[in-house]
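Please read them with the model open.

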Amino acid sequence: MVILLSTPLLFGQSSNHGDIGAGAGLSYGGFGTRLTYRPVEQLGVFGSLGYNLDALGYNLGVQYHVPSQKRLSPYLTAMYGYNVVLIVDAVVMETKTTYFGFSAGVGVEFKLKEKSFLSAELLVPFRPQAYKDAVDDLESMEYDIKDPLPVAFSIGYHIKF
């Protein structure tokens with residue numbers, strides 16, 4: 001049995017377009033840009049690069065867009081890259097560390113004009129063990145740690161090409 005993954009029922013018709021956006025959040029590497037290529041209408045492959053308050057942050061991922069002819073278009077997303085920064089600002093120690101891992105979530109595109117849209121996402125970052133170990137070490141030294149939210153948000157403005 002042969003299953004073709006590019007059938008119109010699963011991924012839609014060929015579209016061969018992309019977009020570039022500027023924004024903030026994990027999907028933009030912090031404060032940065034995201035470049036997305038859509039070989040078919042429902043599937044997007046993206047890369048992002050930005051400043052994450054420590055260093056250069058990046059993410060690589062995929063999106064599955066639910067077919068929609070309306071102004072709001074939902075999608076699922078999954079990515080790997082920067083997903084948390086640990087900043088220690090104390091009298092005896094000052095350090096920043098970027099940690100990398102997998103994140104997944106949902107998003108929505110809000111079409112503004114024919115070639116532009118806003119993108120907003122709610123993401124669940126799966127924090128790496130190295131981050132959890134660093135937090136445990138700091139807590140054992142009696143540092144007061146502010147836990148990050150269990151979810152992350154991204155928002156950006158995009159132009160299609």
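1. G61 stands opposite M79 in β5. Strand β4 (residues 56-65), to which β5 is paired, runs antiparallel to β5 over seven bridges; two strands pair if DSSP finds at least two bridges between them. Elements are DSSP runs numbered from the N terminus, helices being H or I of at least four residues and strands E of at least two.

2. The model is predicted: local features need pLDDT of at least 70, side-chain atom pairs count only at pLDDT 80 or more, and totals for chains, interfaces and linings use all residues. Residues are numbered from 1 along each chain as its sequence is written, and side-chain values use heavy atoms, without hydrogens and water.

3. M79 also stands opposite S103 in β6. The strands β5 and β6 are antiparallel and joined by 17 bridges. They form a hairpin, with four residues between them.

4. Which element gives the largest share of the lining of the largest pocket? That share, five residues, comes from β5. The pocket holds about 400 Å³ of space, a volume being the space filled by probe spheres set on grid points joined across faces, edges and corners. A pocket here is an open set of points on a 1 Å grid over the protein atoms alone, where a 1.4 Å probe fits, with protein on both sides within 12 Å along at least five of seven lines; lining residues have an atom within 4 Å of a point.

5. The lining of the largest pocket comprises 18 residues, with L26, L53, Y82, V84 and V85 nearest its centre. Two or more lining residues come from each of β1 (14-25), β2 (30-40), β5 (72-89) and β8 (152-160). By class, 13 are nonpolar, four polar and one charged (Ala, Val, Leu, Ile, Met, Phe, Trp, Tyr, Cys and Pro are nonpolar, Asp, Glu, Lys and Arg charged, the others, Gly among them, polar).

6. There are three aromatic pairs, counted where ring centres of Phe, Tyr and Trp (its six-membered ring) lie within 6.5 Å; planes under 30 degrees apart are stacked, over 60 edge-to-face, the rest tilted. Y99 and Y131 are edge-to-face because their ring centres are 5.5 Å apart and their planes at 70°. This pair links distant parts of the chain, 32 residues apart: Y99 is in β6 (residues 94-113) and Y131 in helix α2 (residues 129-140). Both Y99 and Y131 are buried (under 20% relative accessible area, 1.4 Å probe, protein chains only).

Methods:
Buried < 20%, exposed > 50% of the residue type's maximum accessible area, 1.4 Å probe, protein only.
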